[in-house]
Amino acid sequence: MMISPQAADKLNASIEDLKNSLEEKVSKKLDLDNCHRMIQRLVELSSSCEACNQYFVDLEGHIAQLLDKSDQLTKNDFKNHHQILNNIRTHLMKKHKLVAKDYYLSIYMSCGLSLGLVFGLLFDSLALGLPIGLAVGIAIGAGLDADVKKKGRTI
Ligand SMILES: [Zn+2]
């Protein structure tokens, strides 16, 4: 089975409809721009992966549901939504070795902060150590993210 370009176009259009029917603040919360990229990946992979087909169908149903009640979304809808996106993201990362946008940056930033604490102890100054650690973390993380992007493996 394969996702047809028409089905993908339709889902992308539904997401745009949803975006337009929500306040900007709310639509940002739903991470809808990321949805487009995920759909793109699911379509590419659908010819060889049954799970990707299923995720696409799930997402289709879910977006239609949100669109249906876009003026009265509940906390549960948001929770559900992020759960679905997370499941897709995890599948794409584990099964297809793709990497979420800014994935390494977020990891190395927190590593950088820990490193900064160590520097801080070494220099006996956190005010000096933390920014250095953070800068190192950001440099490494951004470098790795750029590499992933160059190889076309970003979700
Ligand atoms: Zn897959």
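This is a predicted model: local features need pLDDT of at least 70, side-chain atom pairs count only at pLDDT 80 or more; totals for chains, interfaces and linings use all residues.
1. **Annotated spans.** UniProt, in an unreviewed entry, lists residues 103-122 and 128-146 under "transmembrane region". UniProt positions follow the numbering used here, feature names are shortened, and annotations may be inferred rather than shown by experiment. Residues are numbered from 1 along each chain as its sequence is written, and side-chain values use heavy atoms, with hydrogens and water left out.

2. **What the two spans look like.** Residues 103-122 are 100% helix and 0% strand. Their end C-alpha atoms are 29 Å apart. Residues 128-146 are also 100% helix and 0% strand, with end C-alpha atoms 27 Å apart. Helices (H or I, at least four residues) and strands (E, at least two) are DSSP runs, numbered from the N terminus.

3. **Tyr-108 as a contact point.** Tyr-108 sits in helix α6 (residues 103-123). Which residues does Tyr-108 contact, leaving aside its neighbours within four places in sequence? They are Gly-137, Ile-140, Gly-141 and Leu-144. Contact means heavy atoms within 4.5 Å. The C-alpha atoms of Tyr-108 and Ile-138 are separated by 6.3 Å, although the two residues are 30 apart along the chain. Tyr-108 is partly exposed, with a relative accessible area of 27%. The classes work like this: buried is under 20% relative accessible area, exposed is over 50%, and partly exposed is in between (1.4 Å probe, protein chains only).

4. **The zinc site.** Four residues supply the protein donors of the zinc ion: Cys-49 (SG), Cys-52 (SG), His-91 (NE2) and His-96 (NE2). They lie 2.1 to 2.3 Å from the ion. Donors are N, O and S atoms within 2.8 Å of the metal (3.2 Å for Na, K and Ca); water is not among the atoms, so sites may look incomplete. The angles among the four donor atoms run from 104 to 115°, and the site is tetrahedral. Four donors count as tetrahedral if all angles lie between 85 and 135 degrees; four count as square planar and six as octahedral if opposite donors are over 155 degrees apart and all others between 65 and 115; anything else is irregular.

5. **How the site ties the chain together.** Along the sequence, the zinc donors are spaced C-x2-C-x38-H-x4-H. Cys-52, in helix α4 (residues 50-68), and His-91, in helix α5 (residues 75-96), link distant parts of the chain, being 39 residues apart. Cys-52 is buried, at a relative accessible area of 0%. His-91 is buried too, at 12%.

6. **Two domains.** The domain assignment gives domain 1 (5-96) and domain 2 (103-150). Such bounds come from an automatic or database domain assignment. The C-alpha centres of domain 1 and domain 2 lie 32 Å apart.

7. **Overall build.** The protein has seven helices and zero strands. Its radius of gyration is 19 Å, well over the 15 Å that the globule rule gives for 155 residues, so the protein is more spread out than a compact globule. The radius is taken over C-alpha atoms, and the rule is 2.2 Å times the number of residues to the power 0.38. The C-alpha trace spans about 60 × 40 × 20 Å along its principal axes. Of the 155 residues, 34% count as buried. Among contacts between residues at least 6 apart in sequence, 70% join residues at least 24 apart.

8. **Loops to check.** Asp-31 has a positive phi of about 60° although it is not a glycine. Asp-31 lies in the loop between α2 (24-29) and α3 (32-45), and is partly exposed at 25% relative accessibility. Asp-124 likewise has a positive phi of about 60° without being a glycine. Its loop runs between α6 and α7 (126-150). Is Asp-124 buried or exposed? At 70% relative accessibility, Asp-124 counts as exposed.
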